Structures are given as structure tokens and as C-alpha cells.
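Visitor: I am new to this structure, and I would like a close look at a single part of it. Please start with the terms I need, and then walk me through slowly.

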Amino acid sequence: MTLFKETKIGNLTVKNHFIRSATYEGKATEDGRPTDEIKHQYVERDVGTIITSYAYITPYEQPTKNQLGIYDDSLIPDYAKIVDAVHAYGTKIIMQIVHGSSIGQGYIETATVLGPSAITHPTSQITPQEMTKEDIKSVVHYFALAAKRAKSAGFDGVQIHCAHGYLLSQFISPLFNHRHDQYGGNTENRSRIVLEVYQAIREEVGEDYPIWIKINSSDEQEGGLSVEEFINIAIKLSNAGMNAIEVSGNQLKKHKAQERAYYKDAAVRLSQVISTPVILTGGLRELKDIQPIYETSHVHFFGFSRPFIKDATFIKRLQTQI
């Protein structure tokens, strides 16, 4: 079956259509260095591409304890070892990079928590500082430097995290962005920082280096980001040159274990209006969840997280279902 054969995601050649989507391990050192425990979770997988767990990009905040970090050049040699180990199995590896916000902080006592607006998060009860334009400029620069480090370490690309309630996803959400300047209000303004992050990274890594994004398809609640707004933002990202778009959703809504392909409709809609590869993640457990989507739409790449945690041979198991 074609799903299990070599293909391309943009200009990146991968050995199949399956992706290990970013999954927090909590196995890094306290200062964000990768460990052998993390390496062991990445190697000996039959998946075409691995996206690392989210790596924080600044020294002043860390969304979760023992989270990977990519905020300093001294981390590059440690990541180079991870990359080499993954490449030895013919798998590509993408680093996901993130700036947190009020959804959570691993070390709240020392963190500087920034947000588009000073709105208390309903889950964490953390209220961020409303970002100044200088803050925004600095964060954009931090993303670019993080991507440059990832490239230096040998990663096959980077993925911008614009989902799950972290900083960039708060900017595109009317629930968290109440600004009245050029970074708030309409969809174009709320997504401005995301385009600026992409453009700053592109300037650092060059035209041929893969830049992906994981982005909410909606806030999944009234008054939040709508699917229509998501489609408009994704079209702009595609036109700007984004190499792949992974469709996700806001973690304010919890999906039940028996649900399947939560974001299929949004991903299929997006795939009909852009040529950029679309990755569908969320609620995919069996080949029967994937094959009909692959055969009847332009969504041709599929991400998984929990299935790999449960079974390192997940891809082999899928092949037995043909």
C-alpha cells in the first residue's frame, strides 16, 4: 500500500506517510537537555518522521518541568547525538519549538509569563503580562534563533507550535487576544505574529530548509477561533512558503478515548484549498481510521502519539491490517 512507501513532504523525502507527532516525555534534565531516555523513545521506530516533544526557546520560561529546551547554543551537541541516532534507522526528525504562556509553567516562581493580553487562563489560573511590541519582536527573534540551533544540530526541519494554548495559539484566539493594535482584532492582525515568526525563521535557515507548523483548527467553543478563520490563516501560511501544516485543536476541550479523527473535517477542507502538505493528528488508532481519508481526500500524512507510547511497533501492526 502506498501509505507505507517512500514519499515527500514538501522537499523532504521520508520513508512513509506516518509521523510520530510531538509528545511530551518529561525526561529531559531540569535545564532542558535531552537524555538517553528520550533518545530511546525516538530510535527503532518504523515511522517516516519523528517530531520531537516541544522545546522551549527562551531562558525565562519553561512551560513544563523536564521539558526539552533549545534556548542556548550549548545544547546543540547533545541534540546532534539524538539526530544521528534517529538517522541511523532511516527516519527523519523535526524539532518542535514553542513559547509557552499562561496555560502552564513548570517553574512559575521564576518564570516571566507573557501573553497577547492579561487574561487569566481558566485552567491554570495564571495571568500573563500583556506583551509590548518589543516583547513581540524579542519572541520572534527567539523563535528564529531556536530554529537556527535546530538546523545546526542536524534536524531535518523545525515545527512551530501554534496549538494547545501556548503563546502563538493564544494570539490567534479571540478568547485570549483582546489587543487593539496591529496584533489584535481581526484574523489578519491576530495571525500577524505567526507570519512574522515564519519569516524570521526563514531568514535564518534559508529557502530550502523545511519549516512546519502545528496549529489549532478552532478553539472548539463559542466565541473562539473558528474553522473559517483557521482556513484563512493556513492559506496565508501556505502562500508564505510553509512546508507542512499539522492540524490540531485547543486542549480546552477533552476528546473521549473512543472518538476518531477529531480534526478530519478541518484538515480535509484545508487540503482542498492549499497545495502545502496537510498532516492530520488526533484520534487515529487503526488503519481503518486512516485509509478512507487518504483515498478520498488530499490529506496524505498522519500523525500519532499515544499509539507509539503504547506500542513501539505500531507501524508494523498497521501493516498487518492491510
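Guide: Let us begin with the salt bridge, which is a side-chain nitrogen of Lys or Arg within 4 Å of a carboxyl oxygen of Asp or Glu. By that rule, a search of the whole structure turns up 15 salt bridges. Please keep in mind that this is a predicted model, in which local features need pLDDT of at least 70 and side-chain atom pairs count only at pLDDT 80 or more, while totals for chains, interfaces and linings use all residues. Residues are numbered from 1 along each chain as its sequence is written, and side-chain values use heavy atoms, with hydrogens and water left out.

One of these salt bridges joins Glu 25 to Arg 20, with 3.3 Å between the closest N and O atoms. Are these two residues buried or exposed? Buried means under 20% relative accessible area, exposed means over 50%, and partly exposed lies in between, using a 1.4 Å probe and protein chains only. Glu 25 is buried at 12% relative accessible area, and Arg 20 is buried too, at 6%.

Another salt bridge runs between Glu 37 and Lys 27, whose closest N and O atoms are 3.9 Å apart. It links distant parts of the chain, 10 residues apart: Glu 37 sits in helix 1 (residues 36-42), and Lys 27 in the loop between strand 3 and helix 1. The names come from DSSP runs, numbered from the N terminus: helices are H or I with at least four residues, and strands are E with at least two. Here both partners are partly exposed, Glu 37 with a relative accessibility of 47% and Lys 27 with a relative accessible area of 32%. Elsewhere, Asp 31, Arg 33 and Asp 78 are linked in a network of salt bridges.

Which strands lie beside it? Two strands pair if DSSP finds at least two bridges between them. Strand 11 (residues 244-248) pairs with strand 12 in the parallel sense over 3 bridges, and Ile 245 stands opposite Val 278. Strand 13 (residues 301-304) also pairs with strand 12 in the parallel sense, over 3 bridges. There, Gly 303 is the bridge partner of Thr 281.

From strand 12 the chain also takes part in a right-handed β-α-β unit, made with helix 9 (residues 287-296) and strand 13. A crossover is called right-handed if, with the strands pointing away from the viewer, the path from the first strand over the helix to the second runs clockwise.

An α-helix has 3.6 residues a turn, so residues three or four places apart point the same way.

Finally, let us step back to the cores. A nonpolar core is a set of buried Ala, Val, Leu, Ile, Met, Phe, Trp, Tyr and Cys residues joined through side-chain atoms within 4.5 Å. The largest one has 88 residues, and Phe 18, Ile 97, Ile 160, Ile 201 and Phe 302 have the most contacts inside it. A second, separate core of 11 residues includes Leu 12, Ile 19, Ile 94 and Phe 301. As for Ile 97, beyond its neighbours within four places in sequence it is in contact with residues including Ala 55, Ile 57, Phe 143, Ile 160 and Ile 201.

Key:
Contact means heavy atoms within 4.5 Å.
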